[in-house]
Amino acid sequence: MDNLRLILFFTLAFLGLLIYQAWQQDYGVPAQLEAEQAARQSGTPATPQGGEDSGVPTAAVKADLPKAAAGSAVPGDMQSGLNGQVVHVVTDLLKLEISTQGGTVQRANLLEYFETLDTPDLKVELFSPYGADLYIAQSGLIGSEEGQAPSHEALYQSEQTRYEMGENQDQLIIPMVWKSSDGVTVTKQFTLNRGSYLIDVDYLIENQSGESWAARDYGQLQRVEPDGDGNGFTTYTYTGGVYYNPKDKYEKVDFDDMASKKLDIDTNRGWLAMIQHYFLSAWIPPKDQVEHYYTNALSGGKYLLGSYSPSITVENGQTEKISRQLYVGPKLQDQLEKIAEGLELTVDYGWLTVIAKPIFWLLKTIHNMVGNWGWAIILLTILIKAVFYKLSETSYKSMANMRKFTPRVQALKDRYGDDKQRFQQAMMELYKTEKINPLGGCLPILVQIPVFIALYWVLLESVELRHAPWILWIESLSEKDPYFILPLIMGVSMFVQQKLNPAPPDPMQAKIMMSLPFVFTIFFAFFPAGLVLYWVVNNLISIAQQWYITRQIEKAAT
């Protein structure tokens, strides 16, 4: 305990090991997807393996919500929309492909987000109909008999194959029409608004069949487990399913969960989503509507997460409307909070959310004033150091006092040699006589650790920092420093901090401490530049504070 930083550094290294192990587990390339990857590269949709079901959830109509969830695989040709026309939709934020087969949203590009700095014209693709990257949003109606209502297999008719939002236009409406042989007309209508990633999906049902007609609607997300999401072992984030209900709040249901145990709950005021680093898609039912949530693992490495509504009855000659919403876009907390209760929790700060959310609010407030996320990180770090100044001062005073007694500790080490028991007894007696608390620097730093970890997740999870520049060579705070300048500065700052601390009496421990700046320079070389910038600023402030306190104590002793 002579040097608490040793413990903290090893803690960080251990966390890094856990992150790397989680990355290996969650992001290994599934062998079963290799053929589908080849199909994608060839430009053709993958062929499904084995026989598959219709993909329509089986739920009794004109009955209460059942306790068993269904939902099965979707044939490969239906995944790609090859049996229907493709309707192209372009707004100020989204570029979509909607298949007239079921009205499936089979492709989505986010026009304000590009894949890499080197490819500004290659926009982030959230949905894709191709095998290895399969990720689509399906929805439809379930009737009392097969073919009575348009599921995501039904063929709609569309008057246009392209809809584009004009400069003076604030809304796009994309109608698709399905008609039954007995007089029921269903218009599936997608409504997109300027400045929004939220899509209204409405069913306008007109019954002229001569008798009552009943159905329930559903929305489901289907995707394969990805073989990677641009994460490194230092920046692992969760990719998979999540859902929300007022009782259990925010719950994850990863791909292994979908394979081992099907989700089977009824709730209102809920939603379901597939999330990944920075982006998500979510089906959001009406707030007070009770929905049945289900999952399923399908052949070919595909997974379903969805929900369906209670049954409604449309009397002959009547018209009814059924609605739900689809969000396809980035994890922008301000927008997500307004859309649905708890949807902002998809920005996954983990168990430190209660600390991380205020930190993000403060970081965003500073950014609104300075207009640059890099400077906002620097000012936020200074503010955090100011808040913990007194705690840090206590820690540094303890270290400075122990530094004064380093020669005496070394003398005891020389006197007792390899007799560690007598050496420890003598050292404790020295601490007691001189009224030194060897743990004096421990608790003040431990109190700060949750804040530091929460800030790490804020910098890692915030899509606002994705590809955000700072100055000069730092063109993206979400990617590693291309010239490794910040990691080198951080390594030097760690070395200087070590020189300000009392040297460990144990030679092996001293050697380990001397190697840590080098080890962590390599380790931090792969961190996003924004995270390294935080650590550099934190270290530099700590050095200045520690040097000042040590100098004051040394002056008082002379």
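This is a short chat about a predicted model of a single protein chain.

Visitor: What percentage of the residues is buried?
Guide: Buried residues make up 54% of the 558 in the chain.

Visitor: And the accessible surface of the chain, what does that come to?
Guide: About 25,000 Å². Carbon and sulfur atoms own 55% of that surface.

Visitor: What about contacts by sequence separation?
Guide: Take contacts between residues at least 6 apart in sequence. Of those, 68% join residues at least 24 apart.

Visitor: On to the surface. Which residues form the nonpolar patch?
Guide: Met369, Val370, Trp375, Leu379 and Ile382. Together they have about 480 Å² of accessible area.

Visitor: Which elements give two or more residues to that patch?
Guide: Helices α6 (353-370) and α7 (373-387). The largest share comes from α7, with 3 residues.

Visitor: Pick leucine 379. Where is it?
Guide: Leucine 379 sits in helix α7. Its relative accessibility is 36%, so it counts as partly exposed.

Visitor: Which residues of α7 are buried?
Guide: Trp373, Gly374, Ala376, Ile377, Ile378, Leu380, Thr381, Ile384 and Lys385 are the buried ones.

Visitor: Why do residues three or four places apart in an α-helix point the same way?
Guide: An α-helix has 3.6 residues a turn, so residues at that spacing point the same way.

Visitor: How far apart are the end C-alpha atoms of α7?
Guide: They are 21 Å apart. The helix has 15 residues, and at 1.5 Å a residue it should span 21 Å, so the two values agree.

Visitor: What happens at the start of α7?
Guide: A side-chain oxygen of asparagine 372 reaches to within 2.7 Å of the backbone nitrogen of glycine 374.

Visitor: Salt bridges next. How many is the count?
Guide: The count comes to 12.

Visitor: Give me one. What is the N to O distance for glutamate 125 and arginine 107?
Guide: Their side chains meet at 2.5 Å, N to O. Glutamate 125 lies in strand β4 (residues 123-127) and arginine 107 in strand β3 (residues 105-114), so the bridge ties together parts 18 residues apart in sequence.

Visitor: Is arginine 107 buried or exposed?
Guide: Arginine 107 is buried, with a relative accessible area of 14%. Glutamate 125 is partly exposed, at 29%.

Visitor: Which residues are linked with them in a network?
Guide: The salt-bridge network links Glu97, Arg107 and Glu125.

Visitor: Which residue does lysine 252 form a salt bridge with?
Guide: Aspartate 348. The closest N and O atoms are 2.7 Å apart. This pair links distant parts of the chain, 96 residues apart. Lysine 252 is in strand β12 (residues 249-253), and aspartate 348 is in the loop between α5 (333-339) and α6.

Visitor: New topic: backbone angles. What is phi at arginine 269?
Guide: Positive, about 55°, although arginine 269 is not a glycine. Arginine 269 is in the loop between β13 (264-267) and β14 (271-275). At 31% relative accessibility, arginine 269 counts as partly exposed.

Visitor: And what is phi at tyrosine 278?
Guide: Also positive, about 80°, and tyrosine 278 is not a glycine either. Tyrosine 278 is in the loop between β14 and β15 (279-284). Its relative accessibility is 8%, so tyrosine 278 counts as buried.

Visitor: Last one, threonine 267. Which strand is it in?
Guide: Threonine 267 is in strand β13. Threonine 267 is buried, with a relative accessible area of 10%.

Visitor: What is threonine 267 in contact with, leaving aside neighbours within four places in sequence?
Guide: Tyr244, Asn245, Pro246, Gln289, Val290, Glu291 and Tyr293.

Technical notes: Residues are numbered from 1 along each chain as its sequence is written. This is a predicted model: local features need pLDDT of at least 70, side-chain atom pairs count only at pLDDT 80 or more; totals for chains, interfaces and linings use all residues. Side-chain values use heavy atoms; hydrogens and water are left out. Patches are made of residues with over 30% relative accessible area and no salt bridge: like charges are joined within 9 Å, nonpolar side chains (Val, Leu, Ile, Met, Phe, Trp, Tyr) within 5 Å. Accessible areas come from the Shrake-Rupley method with a 1.4 Å probe; for residues, only the protein chains shown count as cover. A salt bridge is a side-chain nitrogen of Lys or Arg within 4 Å of a carboxyl oxygen of Asp or Glu. Helices (H or I, at least four residues) and strands (E, at least two) are DSSP runs, numbered from the N terminus. Buried means under 20% relative accessible area, exposed over 50%, partly exposed in between (1.4 Å probe, protein chains only). The expected span of a helix is 1.5 Å times one less than its number of residues. A polar contact is a pair of N or O atoms within 3.5 Å; within protein, one must be able to donate a hydrogen and the other to accept it, and residues adjacent in sequence count only if both atoms are side-chain atoms. Contact means heavy atoms within 4.5 Å.
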